[in-house]
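Welcome, and thanks for taking a look at this one with me.

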Amino acid sequence: MLEKSLNLGVPPDVVIYDLEDSVSPNLLDKKAARERLSQFLHRTPKENRPASGRVAVRLNDISTPFFEEDVAEILRHPAVGTLVLPKVHSERDLHYVSRTIRNVNSPSTSLRIVASVESARSVIGLGGIASWKSEFGAEKGGKLTALLFAAEDYCADTSVIRTTSKQELLYVRSQVVITAKAFGLEAIDMVCVNYKDPEYLREECQDGRRLGFTGKQVIHPNQVAAVNSSFVPTFHEILRAAKILHRMTIAHSNEKGAFGLEMEGGSKEMIDAPMLKQAENVIRLARAAGCDIPHME
């Protein structure tokens, strides 16, 4: 299974190697999984594996007897650039993680940390979690870069009943996005567990993007292409944004702060500063994704 991660048809932004829920809670199984991953990272030539910015490991949570050994073993490998931390309930948990990282004599520097939101306590403490910074600095204690929403764990903790409408998760998903954006973090949406239903996956991706999520977890290679394509602007969104930037440049040159953008059917949409900012965000994301930006004249 580990070797398959090196030959994915469509590469994801980040490959997450899991030591938590995909491994039996048995002590010997946890140890064996940790050793297999360590050996895999050690023997795989650098040119054959994803860059460190694209390699992450989901550790066992800090309440387990496996956490500290996970950290000590995984941080021996500079190939790992990100730690995904399950069951982060408060900033105190992140302080504990940071101290553990600092105590490990590791070649890894400036580790990225992704905090998984999985409980009612997590949601209540989102502000403290998202604003957390290591007391030792990012180089020695890690840097929080994203909030990740784990829907199934959250439902197990709160007795929320999952439905295909996702309405029961609207509040918490919105809170994750808003808090992440408030503190300059990425917001990663939940896994689509219906991994053999491509239409449902695409609809769930579009729903997440509308809410403001910047990415989505996958559990099967067949999900990667749909997720990748869903979280970049469409051709029509890019074209509209390019038109807005071009027309606003003209408006500013004429000492105006707004203009009417022609719409299908002959009507016009009033464009001012907030729409300009939205258009700039679309173009920025499109450029980062390598999309073509049309030239306006």
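1. Strand β5 (residues 143–149) runs parallel to β6, and 3 bridges join them; two strands pair if DSSP finds at least two bridges between them. Helices (H or I, at least four residues) and strands (E, at least two) are DSSP runs, numbered from the N terminus.

2. Before going further, please keep in mind that this is a predicted model, in which local features need pLDDT of at least 70 and side-chain atom pairs count only at pLDDT 80 or more, while totals for chains, interfaces and linings use all residues. Residues are numbered from 1 along each chain as its sequence is written, and side-chain values use heavy atoms, with hydrogens and water left out.

3. Now step back to the whole sheet. It is open, has 7 strands in the order β1-β2-β3-β4-β5-β6-β7, and its pairing is parallel. At the edges are β1 (15–18) and β7 (215–216), each of which pairs on one side only.

4. How many aromatic pairs are there? The count comes to 3, where rings of Phe, Tyr and Trp (its six-membered ring) pair if their centres lie within 6.5 Å; planes under 30 degrees apart count as stacked, over 60 as edge-to-face and the rest as tilted. Phenylalanine 67 and tyrosine 96 are a tilted pair because their ring centres are 6.0 Å apart and their planes lie at 40°. This pair links distant parts of the chain, 29 residues apart: phenylalanine 67 is in helix α2 (residues 67–74) and tyrosine 96 in helix α3 (residues 91–103).

5. Is phenylalanine 67 buried or exposed? Phenylalanine 67 is buried, at a relative accessible area of 1%, whereas tyrosine 96 is partly exposed at 32%. Here buried means under 20% relative accessible area, exposed over 50%, and partly exposed in between (1.4 Å probe, protein chains only).

6. Threonine 44 sits in the loop between α1 (27–43) and β2 (55–58) and counts as buried, with 7% relative accessibility. Leaving aside residues up to four places away in sequence, threonine 44 touches Leu6 and Arg49; contact means heavy atoms within 4.5 Å.

7. Finally, have a look at aspartate 207 in helix α9 (residues 198–211). Aspartate 207 is buried at 17% relative accessibility, and it touches Lys166 and Arg173, again not counting residues up to four places away in sequence.
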